[in-house]
Amino acid sequence: MNEPAGEPVGQTKPAASQTPSGSPAPVSSRGCATTRASPVLRAIFARVRSDRVLLILLAAFVILQVVSPASLGVLFARIDQHTILTLAGLLMLTRAIDQSGFLDWLAQRLLRAFRTERRLALLMVTFAAALSTLLTNDVALFAVVPLAQSLARIAPVRIERLIIFLALAVNAGSSLTPLGNPQNLFLWQQSGMSFGAFVVMMTPITLALMAVLLVMCAAAFDSRVLHFQRRGPSHDVRWTLLCIALVLFVAFVVLADHGYAAWACAGVAAVLLVARRNTVFGIDWLLLAIFVLMFIVLRGVAGLPDVRATLGHVDFSGAGMAYAGAAVLSQFISNVPAAILLAEYSHNWPALAHGAAVGGFGLAIGSLANLIALRMAKSTKIWWHFHWVSVPFYVVALFLGFIALKWV
C-alpha cells in the first residue's frame, strides 16, 4: 500500500519549541525569571494563607481603608519604627544565639539540675518574670523561649504549655518597673514619678499576679522525672558566634534604649552578615509584617472620629473608670495603644498603669509579647490553648488589680 503524499515517513513536525529550521527556539529571560521566582512566590503565598493573624490584619486594613482612607504618609507615620527595628534586631540576635548551639548545651545542664517537669517550669517562669523587669517583656521572651525549645528537643517537656506560661510570666513580671514594658515607660514619663515610687506603686499587683501564676504553673505541670530523649551537642558549640551575638546583644539593647534603634539594627545586620548570614536572612519576616500591620490598623481604629467621640463622653478621671477602661480597651487594641490613647482623657496614672498591666492578659492581642511568644512557638493549636489559660487568668487579674489599686 502506498503512503499518502505529504511528509516523509518517520519525520515528525518541528516541536513547538523549535524554529522551522529545527534549531531550539530562544527562551525569553522573562520566562526563566518567572519560572525561578514562582516557587518562591508560591511558598510566600502558602505561608501567608496559613497565618490567620496576618490574614485578619490584612482584612482589617482593607476595611479600614474603605471606611477611612489614609495616605501612604499617614500609614507610615502610624508605624512605630523604633519597635519594628528593635524587633528585627532581636530576631537576628536570638537566631544567632540559637544557631551557636549554646542553648542546647545549657538545656542539658538545666535538666540535670531540675529533673522534674514542675521544677523546671517553675524555674523558667520565675526566670522569665525576673528578666522582664529590666530587659522588657519582649526581650525576655527572645531569651527564654528559644531556651525552652532547646529543652524540648532533648527531653519530653510540654513545650506549648511552657511557652504559654512564659508569655504570662513576662507580662506579670514586666509590670513591676518602668523598664518592664513600653506602656510602663510611657506612663512613668508622663506621670513625673520617681523610679522608686513607680516600683513601690506596682509591687502589690506584681506580687499578686506572680503568686497566682506560680500556683497555676505548679498545677499545670506534674512531678514526673524528665529523661533525655537524645543527647544534645556537647562539644560543637560555636563559641565564637555566641560571643559575637552576646556582645552585639548588650550593645544593641543599650543603643536601642537610648533611641538609636536604626543604627543598632544596621550594625547587628552588618556584623552577622559576615559572621553567619543565615541569622539575618532566616528570621521570621512575617512576624515583622504582622507588627507593622498591627500599628497601622490599631492606631487607625483608635484614631477614628467615632471612637474618639465615644471615649470623649466617658469620664475617665476616676480610678475605677480609668482602670477598667485600660484593662478592657487593651483586649481590642493592645495595652500599649490603650495606655497612650487613654492618657489623653485621664491623668490617673496609677489606675492606667494597673489597667494596662492587667490588660496584657486575656486575648492574645492584649499584649504584643503574647503575639511574639505564640509566633515563636510555630504551632496553630497553641493559640486556642493560650486562651484557655489566659482568659481565666485575666478574670482573676481584673479582681486582683482592683484590690491592689485600693492600696495605692
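These are my notebook entries on what I looked up in this predicted model.

**Ground rules.** I worked from a predicted model in which local features need pLDDT of at least 70 and side-chain atom pairs count only at pLDDT 80 or more, while totals for chains, interfaces and linings use all residues. Residues are numbered from 1 along each chain as its sequence is written, and side-chain values use heavy atoms, with hydrogens and water left out.

**Overall make-up.** Of the 408 residues in the chain, 46% are buried, where buried means under 20% relative accessible area, exposed over 50% and partly exposed in between (1.4 Å probe, protein chains only). I then looked up contacts, meaning heavy atoms within 4.5 Å, and noted that among those between residues at least 6 apart in sequence, 79% join residues at least 24 apart.

**Helix α4 against α7.** For α4 (residues 81–99) and α7 (residues 137–154) I recorded a packing angle of about 30 degrees, with the axes 10 Å apart. Axes here are lines fitted to C-alpha atoms, for helices over the stretch in contact, and angles run from 0 to 180 degrees between N-to-C directions. That makes α4 roughly parallel to α7, since angles under 35 degrees count as roughly parallel, over 145 as roughly antiparallel, 65 to 115 as roughly perpendicular and the rest as oblique. The crossing of α4 and α7 is right-handed, which is the term used if the near helix is turned clockwise from the far one by less than a right angle, left-handed being the anticlockwise case. From α4, Leu 87, Leu 90, Leu 91, Thr 94 and Asp 98 meet Val 139, Phe 142, Ser 150 and Arg 153 of α7.

**Helix α7 against α19.** I next looked up α19 (residues 368–377), which packs with α7 at an angle of about 20 degrees, the axes being 10 Å apart; α7 and α19 are therefore roughly parallel to each other. Their crossing is also recorded as right-handed. Among the α7 residues that meet α19 are Leu 141, Phe 142 and Val 145, and the α19 side includes Ile 372 and Met 376.

**Thr 86.** This residue lies in α4 and is buried, with a relative accessible area of 13%. Leaving aside neighbours within four places in sequence, I found Thr 86 in contact with Phe 252, Ala 256 and Ala 261.

**Ile 205.** Ile 205 sits in helix α10 (residues 195–220) and is buried at 0% relative accessible area. Beyond its neighbours within four places in sequence, Ile 205 touches His 354, Leu 400, Gly 401 and Ala 404. I also noted that the C-alpha atoms of Ile 205 and Val 358, 153 residues apart along the chain, are separated by 9.0 Å.

**Helix α17.** I looked up α17 (residues 335–342) and found that 7 of its 8 residues are buried, among them Val 336, Pro 337 and Leu 341. The buried residues of α17 pack against α9 (182–191), α14 (285–302), α15 (305–312), α16 (319–333) and α18 (349–359).

**Cysteines.** I searched for disulfides, each a pair of cysteine sulfur atoms within 2.5 Å, and the structure holds 0. Cys 217 is buried, with a relative accessible area of 0%, and Cys 265 counts as buried at 10%.

Notes:
Helices (H or I, at least four residues) and strands (E, at least two) are DSSP runs, numbered from the N terminus.
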